[in-house]
Amino acid sequence: MASRPPHFAVVGAGPAGCYAVQQLLLRSPDATIDVYEQRAHPYGLLELGVAPDHPGTKAVRRQFERALASPRVSVHLNAPVSRAGLQQLRERTSGVVLAAGAAAERVHPVAQAVGERAVTGSDVAAWANGVTTPTLGRWRTGSHVVVIGSGNVALDVARILGAQATGTALPGLAASAAPLGPIVGVHLVSRADAAHGPFSPSQLRELTDYGLVLASRTSDGSAPALEGDARARCETVAALPVAPTAHVAPLSLHLSTVVRRDPADPTSVVLVGPDGTSVVPDASVVSAIGFTNEPGPHDREHTARVLAELPPGPASVVRVGWARSGGRGNLATARRDGVAAAVDLTAAAHAACQPASSSPSELVLAGRQPAHPQPSDDAFRED
Ligand SMILES: Cc1cc2nc3c(=O)[nH]c(=O)nc-3n(C[C@H](O)[C@H](O)[C@H](O)COP(=O)(O)OP(=O)(O)OC[C@H]3O[C@@H](n4cnc5c(N)ncnc54)[C@H](O)[C@@H]3O)c2cc1C
């Protein structure tokens with residue numbers, strides 16, 4: 001008796017879901033795939049996160065468009081999958097790829113404390129991409145913005161806001177991005193020093209187009225024994241000009257510095273760094289310290305966390321991308337996850353069609369993750 005071709009479901013049409021679709025099409029030539037996306041548009045953070053002045057990164061969208069246009073793929077937009085819906089998909093398909101992104105963005109305590117004077121890094125990135133989130137719509141920008149974090153998202157935000165502060169056009173900035181209010185100074189604050197920060201030298205160099213200066217030479221991290229990335233970061237930092245006077249530069253980098261509330265003034269923020277304490281007046285805050293799959297008060301709009309807690313069920317659920325890592329990794333790791341998921345789900349679907357004597361794939365043990373070594377790329381883990 002001929003077996004039925006496999007049928008897979010992919011929950012989330014961000015980069016990880018799209019890579020999984022692409023790989024399932026490739027590795028399972030007779031399979032059909034239903035893709036469920038809660039938003040009205042696919043591509044997730046490729047559209048809403050990745051900075052508009054990085055068109056080369058965004059170009060992967062063309063690959064995704066081709067995959068989703070396959071006659072073997074049905075895309076359902078405005079189709080959020082609930083916990084009950086996921087259970088149904090497990091019962092009715094050969095396997096499910098859970099690609100719903102990270103559950104929550106981490107929010108720095110100072111940002112939590114200052115309320116409407118704070119937004120997150122992804123709010124600013126979405127704004128630059130033409131989507132004003134409710135939080136950003138309520139944002140009370142001060143004349144100074146303190147960006148907390150120094151990973152990829154923080155540096156994207158510093159570039160976007162640095163362009164505003166210097167009156168420079170940011171290439172690709174969405175025409176629909178409404179003005180933010182006058183910003184005279186952007187302070188990029190990293191608790192790490194140059195040797196240990198998560199930023200790359202090339203990311204720092206991009207910021208020099210917007211007048212980046214170093215707030216203090218004391219913390220440039222230069223040490224004679226450093227090698228590799230740490231040494232390259234220190235050399236790049238050492239080449240930056242130093243701010244002539246605190247708080248006058250449009251874009252400044254504060255290393256080895258922590259952010260505190262100003263107990264005397266809710267509109268100010270205190271920076272505690274190697275040269276002591278300074279107060280940034282009329283400050284608003286951008287918290288760009290990474291993402292998580294841990295439960296918390298700041299869940300993003302979707303339901304990855306709930307979906308990730310499913311009990312064992314009838315078919316495999318494989319988590320990919322940020323739904324697996326909680327915000328670690330980038331497009332390259334999303335692709336690797338997509339490959340691993342497609343290999344395992346295809347093998348499991350094939351094994352399910354074999355006589356009972358054949359040994360089941362480990363993925364038939366529902367809810368298990370693939371045994372492939374998973375990438376440990378920390379690119380989007382902030383310090
Ligand atoms: C500001 C910023 C800049 C970045 N810049 C870069 C960069 O330059 N280079 C790089 O490589 N990476 C970059 N990244 C990281 C990259 O965006 C992520 O690695 C990638 O988007 C993760 O893909 P994902 O599919 O796992 O998650 P997401 O992109 O979050 O996609 C998840 C999708 O699932 C949907 N969804 C969620 N819940 C449900 C549900 N219940 N039902 C149906 N659909 C659901 C969401 O709407 C979304 O479309 C950046 C990230 C940010 C935030």
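Mentor: Asn78 is found in the loop between β3 (73–76) and α5 (83–92), where helices (H or I, at least four residues) and strands (E, at least two) are DSSP runs numbered from the N terminus. This is a predicted model, in which local features need pLDDT of at least 70 and side-chain atom pairs count only at pLDDT 80 or more, whereas totals for chains, interfaces and linings use all residues. Residues are numbered from 1 along each chain as its sequence is written.

Trainee: What makes Asn78 count as exposed?

Mentor: Asn78 has 10 C-beta neighbours inside 10 Å, and therefore counts as exposed, given that a residue is exposed with 12 or fewer other C-beta atoms within 10 Å of its own, buried with 20 or more and partly exposed in between, the C-beta atoms being placed from the backbone. Although Asn78 is not a glycine, its phi is positive, at about 55 degrees.

Trainee: Why is α1 called oblique to α4?

Mentor: Helix α1 (residues 15–27) and helix α4 (residues 61–68) pack at about 55 degrees, their axes 9 Å apart, with axes fitted to C-alpha atoms over the stretch in contact and angles running from 0 to 180 degrees between N-to-C directions. Angles under 35 degrees count as roughly parallel, over 145 as roughly antiparallel, 65 to 115 as roughly perpendicular and the rest as oblique, so α1 is oblique to α4.
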